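Here is a short tour of one protein model. Keep the structure in view as you read.

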Amino acid sequence: MRNPGYDTTRADASAANLQQAYQAMLAQQQAETEKLALYRAAADAARLAEWEFHNAVLAMKEVVRGQYGLDSDQAQAVGLKKKSEYKRPSRRKLVAS
């Protein structure tokens with residue numbers, strides 16, 4: 001604030017105090033921006049780790065299916081449905097009209 005006519009007897013409204021408060025605000029905003037960038041980088045890293053884990057689980061399920069078969073207890077143990085548990089489609093009877 002550069003107004004040569006500004007003068008006050010209140011200490012909290014003085015030009016020096018205003019300048020100090022302004023500098024403190026800028027410093028806190030800079031710290032906020034830096035921490036926000038760190039947060040976003042950490043969130044991206046966590047999301048990438050989640051995808052890598054998900055893909056590893058899918059690969060493990062494929063290996064279990066290939067090694068033990070589609071109708072095995074091992075496949076069921078890792079969360080897959082046994083092939084024999086799927087309901088076979090039933091034939092619809094045609095109704096003569």
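What percentage of the 97 residues of the protein count as buried? The answer is 6%. Buried means under 20% relative accessible area, exposed means over 50%, and partly exposed lies in between (1.4 Å probe, protein chains only).

## About the model

This is a predicted model, so local features need pLDDT of at least 70, side-chain atom pairs count only at pLDDT 80 or more, and totals for chains, interfaces and linings use all residues. Residues are numbered from 1 along each chain as its sequence is written, and side-chain values use heavy atoms, with hydrogens and water left out.

## Overall shape

The protein has 2 helices and 0 strands. Both kinds of element are DSSP runs, numbered from the N terminus: helices are H or I with at least four residues, strands are E with at least two. The radius of gyration is 34 Å, well over the 13 Å that the globule rule gives for 97 residues, so the protein is more spread out than a compact globule. That radius is taken over C-alpha atoms, and the globule rule is 2.2 Å times the number of residues to the power 0.38.

The C-alpha atoms fill a box of roughly 100 × 50 × 15 Å, taken along the principal axes. The protein exposes about 9,100 Å². Carbon and sulfur atoms supply 55% of that area. Accessible areas come from the Shrake-Rupley method with a 1.4 Å probe; for residues, only the protein chains shown count as cover.

## Helix H1

Helix H1 covers residues 15-68. How far apart are the end C-alpha atoms of H1? They are 79 Å apart. At 1.5 Å a residue, its 54 residues should span 80 Å, so the two values agree. The expected span is 1.5 Å times one less than the number of residues in the helix.

Met25 lies in H1. Met25 is partly exposed, at 39% relative accessibility. Together with Tyr22 and Leu26, Met25 forms a nonpolar patch on the surface, with about 260 Å² of accessible area for the three. Patches are made of residues with over 30% relative accessible area and no salt bridge; like charges are joined within 9 Å, and nonpolar side chains (Val, Leu, Ile, Met, Phe, Trp, Tyr) within 5 Å.

## Salt bridges

Side chains of opposite charge can pair when their charged atoms come close. A salt bridge is a side-chain nitrogen of Lys or Arg within 4 Å of a carboxyl oxygen of Asp or Glu. How many does a search of the whole structure find? It finds 3 salt bridges.

One joins Asp12 and Arg10, at 2.9 Å from N to O. Asp12 is partly exposed at 47%, and Arg10 is exposed at 53%. Another joins Asp44 and Arg47, at 3.1 Å. Asp44 and Arg47 both lie in H1, 3 residues apart, about one turn of the helix. Asp44 is partly exposed at 47%, as is Arg47 at 44%. Lys82 and Asp73 meet in a salt bridge at 2.6 Å. Is Lys82 buried or exposed? Lys82 is buried, with a relative accessible area of 16%.

## After H1

H1 is followed by Gly69, whose phi is positive, near 100°. Ser72 lies in the loop between H1 and helix H2 (73-77). Ser72 counts as buried, at 9% relative accessibility. The side chain of Ser72 reaches the backbone oxygen of Gly69 at 3.1 Å.

Now look at two pairs along the chain. Val57 lies in H1 and is partly exposed at 24%. The C-alpha atoms of Val57 and Val78 are separated by 9.3 Å, and these residues are 21 apart along the chain. Pro89 sits in the segment after H2. Pro89 is exposed, with a relative accessible area of 78%. The C-alpha atoms of Pro89 and Gln67 are separated by 28 Å, and these residues are 22 apart along the chain.

Conventions. A polar contact is a pair of N or O atoms within 3.5 Å; within protein, one must be able to donate a hydrogen and the other to accept it, and residues adjacent in sequence count only if both atoms are side-chain atoms.
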